[in-house]
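Work through the exercises below with the coordinates open, and try each task before reading its solution.

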Amino acid sequence: MDYIPAKTILQKVKFDGNLWFGIDYNINLYKGCNHGCIYCDSRSARYFIDDFDRVRVKENGLGILAKELGRKIPKGVIGLGAMSDSYNPYEKKLQVTRGALELIETYGFGVSLETKSDLITRDIDILKRISEKSSCIIKLSITASDDVLARKIEPSASLSSKRFAAIRKLSDNGIFAGILLMPVLPLITDSDENIINIVNLAHEHGAKFIYSLFGVTLRDVQRDHFFEKLAQYFPELEREYFTMYGNRYQCNVPDMARKQALFAAECEKYGILYRMADIVAGYKQVNSEPEQLRLF
Ligand code: SF4
């Protein structure tokens with residue numbers, strides 16, 4: 001494991017946090033990710049992460065974070081996992097993400113974490129405690145209901161079935177957990193069957209929400225990597241992608257409106273939240289209940 005120097009860890013978000021799970025801050029304690037998702041946007045040139053598949057950890061990241069959280073700054077929800085998965089295989093031993101969650105709990109902040117690893121269940125004890133006093137939302141990123149397909153497009157992440165099992169455990173422990181169903185890859189994961197299966201499995205495993213965008217964005221080196229993998233695993237689709245999208249950045253799934261309607265109807269059938277505003281209101285409301293009760 002290589003260590004890299006860092007001056008700051010905590011970053012105030014520069015956009016309206018309500019558009020992305022109500023976050024106020026972002027932290028990344030790792031740089032790079034070795035889960036190998038063929039569509040990963042974080043490998044784009046705009047993020048300046050060289051050798052993206054090699055995970056590095058920020059030197060004294062927890063010490064810096066402790067100082068930053070100890071300052072007089074407004075409390076809020078801290079996002080983890082935006083640029084690299086917080087539960088990469090090294091986390092099992094290093095426990096850097098666990099350390100960050102402990103600090104988040106100590107200093108009274110909330111958390112919004114996304115991952116493709118069932119290692120998150122190791123930290124249920126801390127997540128429960130954060131949930132009891134602040135806002136806490138956990139997103140398992142799942143794009144394929146079928147483990148064989150998931151293994152092709154997310155080769156080193158936990159199998160989808162294990163990610164669903166993690167949602168079950170989190171939900172059983174009272175933690176507001178659900179699914180990030182994005183990207184939806186045209187002609188690969190956009191079948192009605194995959195969409196319906198994911199919503200059904202979400203329901204069976206106690207997911208509170210699913211957030212989806214029906215397409216994928218492709219640019220510069222990320223696009224090159226995606227097409228390389230397309231040629232390797234789905235050679236029959238290479239020409240179709242070129243014909244349908246050329247060099248376009250935003251690649252929506254064909255028949256998008258009908259698929260979105262199907263997804264929405266399936267979610268409504270089970271009472272699963274799927275609009276961002278409802279999801280944010282849902283988890284912040286759940287987490288504010290103890291506070292309201294204390295007032296009474
Ligand atoms: S887990 Fe997330 S950060 Fe890591 S490769 Fe996959 S999409 Fe990228």
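## Exercise 1: Charges over rings

Lys12 lies over the face of Tyr25, at 5.0 Å from the ring centre; a charge counts as over a ring if NZ of Lys or CZ of Arg is within 6 Å of the ring centre and within 35 degrees of the ring normal. The model is a predicted one, in which local features need pLDDT of at least 70 and side-chain atom pairs count only at pLDDT 80 or more, while totals for chains, interfaces and linings use all residues. Residues are numbered from 1 along each chain as its sequence is written, and side-chain values use heavy atoms, with hydrogens and water left out.

Task: which residue lies over the face of Phe21, and at what distance from the ring centre?

Solution: the residue is Lys139, which is placed 4.4 Å from the ring centre of Phe21.

## Exercise 2: Aromatic pairs

Task: classify the ring pair formed by Phe21 and Phe209, and locate both residues in the chain.

Solution: start from the criterion, by which rings of Phe, Tyr and Trp (its six-membered ring) pair if their centres lie within 6.5 Å, with planes under 30 degrees apart counted as stacked, over 60 as edge-to-face and the rest as tilted. The structure holds 14 aromatic pairs. For Phe21 and Phe209 the centres are 6.0 Å apart and the planes stand at 55°, so this pair is tilted. Next, Phe21 belongs to the loop between strand E2 (11-12) and strand E3 (25-27), and Phe209 to the loop between helix H7 (192-204) and strand E10 (210-212), so the pair ties together parts that are 188 residues apart in sequence; helices (H or I, at least four residues) and strands (E, at least two) are DSSP runs, numbered from the N terminus. Both Phe21 and Phe209 are buried, meaning under 20% relative accessible area with a 1.4 Å probe and protein chains only. By contrast in class, Phe226 and Phe227 form an edge-to-face pair, at 6.0 Å centre to centre and 85° between the planes. Finally, one aromatic cluster is formed by Trp20, Phe21, Phe176, Phe209, Tyr211 and Tyr283.

Technical notes:
Buried means under 20% relative accessible area, exposed over 50%, partly exposed in between (1.4 Å probe, protein chains only).
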